[in-house]
Amino acid sequence: MYDQHDVETLERQFNAAMEEADTGSALEAVRRIYDEIDRGGQGLEALLHPDFQIRMETVFLEEKTYKGLRGYKRWRGDIEELFAADRFQPEGLRAARDGRWVVLGRLQITEKESGDELDVPLAHVLEQRDRKVASFTVYSDISQALESVGLPG
């Protein structure tokens, strides 16, 4: 899935992006959102906008889109088919002018087929609407995530 060259490039992009990242109270608020997403359940429905969607711009599940709470559950099912374990840890936050956020983090996964454990940088672009999460797009390429919201990559 990831080769060593890809991971080294992503690490450089991640480290450069983190130099400008907020790691304070705004990041803590985002971490609480991710904790709720990880738990799933009824709290998740209150957190997600009715038009919620997930878009994948990654080396896995590339170009797939999932819509609504059902889509979220389908996305989790697809992730669980690929990985024996997965956890996204937000480490930094970059704000775009239009109210979107780039969440810089580490994806810790255990691949199902090989059992390999990987820790790779990843970026999510979050959009809020009506004080709820309206969408997030998952990017393997951190520069692409930043550029998608008009920030220098």
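Predicted model: local features only at pLDDT ≥ 70, side-chain atom pairs only at ≥ 80, totals over all residues.
Colleague: How many strands form the open sheet, and in what order?

Modeller: Strands of a sheet pair through backbone hydrogen bonds, either parallel or antiparallel. Here 6 strands form an open sheet, ordered S2-S1-S6-S5-S4-S3, with mixed pairing.

Colleague: Which strands stand at the edges?

Modeller: S2 (65-67) and S3 do. Each has a single partner strand, so one side of each lacks a neighbour in the sheet. On average, neighbouring strands are turned by 20 degrees against each other, direction ignored.

Colleague: In what sense do S3 and S4 pair?

Modeller: Antiparallel, over 11 bridges between S3 (residues 83-95) and S4 (residues 101-111). Ala-95 stands opposite Trp-101 in S4. The two strands form a hairpin with 5 residues between them. In the turn, Gly-99 has a positive phi of about 90 degrees.

Colleague: What does S4 do with S5?

Modeller: S4 and S5 (residues 117-129) pair in the antiparallel sense over 10 bridges. Leu-104 has Ala-123 in S5 as its bridge partner.

Colleague: Which strands does H4 touch?

Modeller: H4 packs on the sheet and touches S1 (48-57), S2, S3, S4 and S6. Its direction makes about 140 degrees with that of S2. Helix H2 (residues 25-39) lies across S3, S4, S5 and S6 (132-139), at about 155 degrees to S3.

Colleague: Which residues of H4 are buried, and why do they line one face?

Modeller: The buried ones are Gly-68, Gly-71, Tyr-72, Trp-75, Arg-76, Asp-78 and Ile-79. Seen down the axis of H4, they fall within an arc of 160 degrees, so they line one face of the helix. On the other side, Arg-70, Lys-73 and Glu-81 are exposed.

Terms used: Residues numbered from 1 in each chain as written. Heavy atoms only, no water. Buried < 20%, exposed > 50% of the residue type's maximum accessible area, 1.4 Å probe, protein only. Helix = DSSP H or I, 4+ residues; strand = E, 2+ residues; numbered from the N terminus. Arc of directions from axis to C-beta. Pairing = 2+ DSSP bridges. Axes fitted to C-alpha atoms, helices over the stretch in contact; angles between N-to-C directions. Contact = heavy atoms within 4.5 Å.
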